[in-house]
Amino acid sequence: MNDGGEAISERTARRSGSGPTSESEAVDAPGVARRLLRGLADVVFPPVCVHCGGLVEGGRLRYVCAPCEPLIHLVHPPHCTTCGSPFFGEVDDEGRMCPHCEGLHPQYGEGRTLTLFKGPARALVHALKYHHGQHVLADIERLVRASSSITDFIRNAVLVPVPLHPRKQRQRTYNQTMLLAEVLAKAAGGTTRVESVLQRVVDTPSQTTFDRKERRANLKNAFALAKGATINPSSPYILVDDVFTTGSTLNSCAGVLRRAGALKLDVVTFGHG
Ligand SMILES: [Zn+2]
Ligand SMILES: [Zn+2]
């Protein structure tokens, strides 16, 4: 992970570095000013780790300190093909579902997850979701780029973020899943793009107090195709959410896309928890 991280920082540095030509100097002047301001901001408000609250010095992430970074568990195969949850130890039966996914009857093909939703990974999403933490997106992007199994999985697909109800989106002013989808598309490159083809039509109450059966009932008809949106049956679609819990939300969205004609349909989440 550290090797990959160093390579990534190098690439990032090269991309943002100013070149020797006068044109790039002119283009990069705002970049220099931004870096100076950021340097100044770091002195006045040093970056603080989203997980432990300690100061972040060195390390490869800006909002997770070096001692906390190894607590981010990037998922590698073998894993459940429906939710992406990793199988630990010996696995003889590739392509099987984990016990949590039995009974889900997924309306989509396969599921992948970038991390286990705990520790600093969970703290990054919480910062993004509840504390206007758009500043952590660069760290999330760095983690996505470190996982070729995720970037390979989503490359050249149409990423569809799970929508918020308009009331909630007005309150929060942004949809964190949309921002996450944009980061995923940027990291994967190719023709990967984001299309908000879904809308949330029912303002469902918080899911946290419901059991699995209640969640499903609660989500029935909660989503619909967005006004004017069309599904191209020859495009590969991938639903994006921040966390895979029971899969009910993603499955409900997948049902809408299937009924609208999506043939190749998978899901990806930032964390599994
Ligand atoms: Zn920390
Ligand atoms: Zn599973």
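The model is predicted: local features need pLDDT of at least 70, side-chain atom pairs count only at pLDDT 80 or more, and totals for chains, interfaces and linings use all residues. Residues are numbered from 1 along each chain as its sequence is written, while chains are lettered from A and ligands numbered from 1 in the order in which they are written.

**The sheet**

Helices (H or I, at least four residues) and strands (E, at least two) are DSSP runs, numbered from the N terminus. Two strands pair if DSSP finds at least two bridges between them. Begin with the open sheet of five strands, which has parallel pairing and the order β1-β7-β6-β2-β3. Its edges are β1 (111-116) and β3 (193-194), each of which pairs on one side only.

Select β1 and then β7: the two run parallel and are joined by five bridges. Here T113 has T269 in β7 as its bridge partner.

Continue to β2 (residues 158-161), which pairs with β6 (residues 236-244) in the parallel sense over four bridges. V158 stands opposite Y237 in β6.

**Around β7**

Colour β7 by burial, where a residue is buried if 20 or more other C-beta atoms lie within 10 Å of its own, exposed if 12 or fewer, and partly exposed in between, with C-beta atoms placed from the backbone. Seven of the nine residues of β7 are buried.

Now show α9 (residues 248-259): with β6 and β7 this helix makes a right-handed β-α-β unit. Right-handed means that, with the strands pointing away from the viewer, the path from the first strand over the helix to the second runs clockwise.

Then show α3 (residues 119-130), which lies across β1, β6 and β7 (264-272) and runs at about 100 degrees to β7. Axes are lines fitted to C-alpha atoms, for helices over the stretch in contact (C-beta atoms, placed from the backbone, within 7 Å), and angles run from 0 to 180 degrees between N-to-C directions.

**Loop residues**

Move to the loop between α2 (22-44) and β1, where P78 sits. The peptide bond from P77 to P78 is cis, with omega near 0 degrees.

H105 is also placed in the loop between α2 and β1. Its phi is positive, about 50 degrees, although H105 is not a glycine. H105 counts as exposed because it has 9 C-beta neighbours inside 10 Å.

Finish at T173, in the loop between α6 (166-172) and α7 (176-188). Phi of T173 is near 75 degrees, again positive in a residue other than glycine. With 7 other C-beta atoms within 10 Å, T173 is exposed.

Terms used: Contact = placed C-beta atoms within 7 Å.
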